[in-house]
Amino acid sequence: MIGVERILDDTPLFKLTVGEFRDLFESLVPKPQIIEEEEYVYGYKGLASLLNCSICSAKNLKLSGKIDKAIIQEGRKIIINRKKVLEILKNRK
């Protein structure tokens, strides 16, 4: 195979081998970035799916105040930090 650097600008595409074309394509197109999980979950339904419990249990846990450090609430909107909730519940005795 010819390195990407050695392919001339006036080389027609049909003269490239599959390997040369793949190398050329990979050098021109950026690789997609891996998207991390979202840092937050929203509402009782999001908390319930995170903890794999019922919505009622998630609501009771939130109302108990045990995970208040991980919750931001503005009006009716509940935003829960995923990492903090799991850390609080992990360290809870």
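Q: Which residues of α4 do Leu 47, Leu 50 and Leu 51 in α2 meet?
A: These three leucines of α2 meet Arg 82, Val 85, Leu 86 and Leu 89 of α4, where contact means heavy atoms within 4.5 Å. The model is predicted: local features need pLDDT of at least 70, side-chain atom pairs count only at pLDDT 80 or more, and totals for chains, interfaces and linings use all residues. Residues are numbered from 1 along each chain as its sequence is written, and side-chain values use heavy atoms, with hydrogens and water left out.

Q: What makes α2 and α4 oblique to each other?
A: Let's look at the angle. The axes of α2 (residues 43-51) and α4 (residues 82-91) cross at roughly 55° and come within 11 Å. Angles under 35 degrees count as roughly parallel, over 145 as roughly antiparallel, 65 to 115 as roughly perpendicular and the rest as oblique. The α2 and α4 pair is therefore oblique. Their crossing is also right-handed.

Q: Why is α2 called roughly perpendicular to α3?
A: Here the axes of α2 and α3 (residues 55-64) are 8 Å apart, at an angle of about 105°. That value makes the two helices roughly perpendicular. On the α2 side, the contact includes Tyr 44, Lys 45 and Ala 48, and on the α3 side Ile 55, Ala 58 and Lys 59 are among the partners.

Q: How do you know that the buried residues of α3 line one face of the helix?
A: The buried residues (under 20% relative accessible area, against over 50% for exposed and in between for partly exposed, with a 1.4 Å probe on protein chains only) are Ala 58, Leu 61 and Lys 62. Seen down the axis of α3, they fall within an arc of 95°, so they line one face. They pack against α2, β2 (71-74), β3 (77-81) and α4. The face turned away from this buried side carries the exposed residues Cys 56 and Leu 63.

Q: What puts the buried residues of α1 on the same side?
A: In α1 (residues 18-28), the buried residues are Gly 19, Glu 20 and Leu 24. Their arc around the axis is only 135°, which puts them on the same side of α1.

Q: Why is Cys 53 too far from Cys 56 for a bond?
A: A disulfide is a pair of cysteine sulfur atoms within 2.5 Å. The sulfur of Cys 53 is 9.4 Å from the closest cysteine sulfur, in Cys 56, so that is too far. A search of the whole structure finds zero disulfides.

Q: What makes Cys 53 partly exposed, and why does Cys 56 count as exposed?
A: Cys 53 has a relative accessible area of 30%, so it is partly exposed. Cys 56 reaches 52% relative accessibility and therefore counts as exposed.

Q: Why does Glu 87 count as exposed?
A: Glu 87, found in α4, has a relative accessibility of 52%, so it counts as exposed. Glu 87 and Ala 70 are 17 residues apart in sequence and 9.4 Å apart in space, C-alpha to C-alpha.

Q: How many helices and strands does the protein chain have?
A: The chain has four helices and three strands, running α-β-α-α-β-β-α from the N terminus on. Of its 93 residues, 23% count as buried.

Definitions and conventions: Arc of directions from axis to C-beta. Axes fitted to C-alpha atoms, helices over the stretch in contact; angles between N-to-C directions. Left-handed = near helix turned anticlockwise from the far one by under 90°.
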